[in-house]
Amino acid sequence: MSLSSRLAPHQRVFASFAVYAFGLGQIYPRLPDVKSAMGIEEGALGLALIGAALGTLIALTFGTPVVERLGHRRTVLWLTPLLSVFFAVAIFATGPVALFLLLIPAGLTIGALEIVINVEADRTEAALGRRIMNRSHAFWSIGFFGAGIFGALMIRLGLPPQMHMVLVVPLVTAATWLCLSDFQPAAKRGTDTSEESPMFARPSLAILVLVGVSISAMVMEGASIDWSAIYMVEVFATAPFMGGLAVASAALSQATVRYVADGFVDRYNPVRVARVMQGMMALGVIIVFFATGPIMALLGFGLLGAGTSVMFPLTMSAAAQRDDRSAAINVAALAQFSFIAFLLGPPLLGFIAEHFGLRWTFGIGLPLILMSMALSGALAPRKV
């Protein structure tokens, strides 16, 4: 009897988030090695990373019919290991153009998995009658934390990036079989319809305000993923494994807050929760910007991870509660614009790093956080 057969449906959803994130997160601790091997600057590396962002955006925009045809079970069981295969191939790229092209298939896989696991979390949440969305994303952060620690260990052992990424393929495949072999799609919500959502959901003014609330968290989370390892290695000349610890530090604090966040959101006003999170983000940015040593920087990344943890779910809930249009269209509009910021913003920060320094990659987030804080009153529950 496999471990998967002993897990409850919601626990398999948690496992799908964790295994997927473990495979996804492996490449980021190795970005300093990739940059050094290619002999490129931050701007060129950032443009190369847009390959994954492009693939993800294509999948999020056009992928739902394909995923529905393939089926949620096969998508999870096939694409989770395939993602690690695509990254293992991409790491052999010898230049930024090749890396860009090889990351596009990985991005397509990321987008398809994002669709499935979030829909499964939503449907399982409805079946259980209690919130599990934030906790599901906590397991994503736990998987990403594991990737950071594993990457740091591989660096410490002196394994080259190519061998490291190839080693991840059988690990992710085994974890997928062990935890998800009995994965079955949850029943559709009673509100699910066969009506197709528009490919591009036009945002209303109210949704654009919510995009403004979430954009600082999306950009800073992405910046921590893409640039924290390089920041540690180049700003403080640390051993490369400290870069892996930076990735892990943000992911661990993010996981911790997400794991307990559902109760806090129920208990306190969402505006108050948001402003506390934004304050933590701002403090994290300031610490990273002015850090005088690697331990201080790790503290800053930890605060950034905690501060970014629940901002997107809060804005999604606010969008769904609006009564000016259908909840599906409002949620789709918010997701599309927020994901554009999350996927394209951090790679483009490479140009800021190249011309102004890596500290400004994070320092640029402070005005975004202040803007989000000023707009966060839009999260107040709507009166009925």
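Predicted model: local features only at pLDDT ≥ 70, side-chain atom pairs only at ≥ 80, totals over all residues.
Good morning. I shall begin with the helix pair. Two packed helices are described by the angle between their axes and the distance between the axes. Here the pair consists of helix α3, residues 31-38, and helix α4, residues 42-62. Their axes lie 11 Å apart, and the angle of packing is about 115 degrees. The crossing of α3 past α4 is right-handed.

Which residues form this contact? On the α3 side they are Leu31, Val34 and Lys35, and on the α4 side Glu42, Leu45 and Leu49. Sorted by class, the contact of α3 with α4 has 4 nonpolar residues, 2 charged residues and no polar ones.

Let us look at leucine 49, which is placed in helix α4. Is leucine 49 buried or exposed? Its relative accessibility is 9%, and buried means under 20%, so leucine 49 counts as buried. Leaving aside residues up to four places away in sequence, leucine 49 touches Leu31, Leu103, Asp226 and Pro347.

I turn now to the charged residues. Side chains of opposite charge can pair when their charged atoms come close. How many salt bridges does a search of the whole structure find? The number is 4.

Lysine 35 takes part in a salt bridge with glutamate 42, where the closest N and O atoms are 3.9 Å apart. Both lysine 35 and glutamate 42 are buried. Lysine 35 also forms a salt bridge with glutamate 234, and there the closest N and O atoms are 2.7 Å apart. Since lysine 35 lies in helix α3 and glutamate 234 in helix α10, residues 205-236, this pair ties together parts that are 199 residues apart in sequence. Glutamate 234 is partly exposed, at 37% relative accessibility. Through shared partners, the salt bridges join Lys35, Glu42 and Glu234 into one network.

Another salt bridge links aspartate 33 with arginine 30, with 3.0 Å between the closest N and O atoms. Aspartate 33 is partly exposed at 22%, whereas arginine 30 is buried at 2% relative accessible area.

Finally, I come to helix α13, residues 294-308. Helix α13 is mostly covered, as 11 of its 15 residues are buried. Among them are Phe301, Leu303 and Thr308. Thank you for your attention.

Notes. Residues numbered from 1 in each chain as written. Heavy atoms only, no water. Axes fitted to C-alpha atoms, helices over the stretch in contact; angles between N-to-C directions. Helix = DSSP H or I, 4+ residues; strand = E, 2+ residues; numbered from the N terminus. Left-handed = near helix turned anticlockwise from the far one by under 90°. Contact = heavy atoms within 4.5 Å. Nonpolar A, V, L, I, M, F, W, Y, C, P; charged D, E, K, R; others polar. Expected span 1.5 Å × (residues − 1). Buried < 20%, exposed > 50% of the residue type's maximum accessible area, 1.4 Å probe, protein only. Salt bridge = Lys/Arg side-chain N within 4 Å of Asp/Glu carboxyl O.
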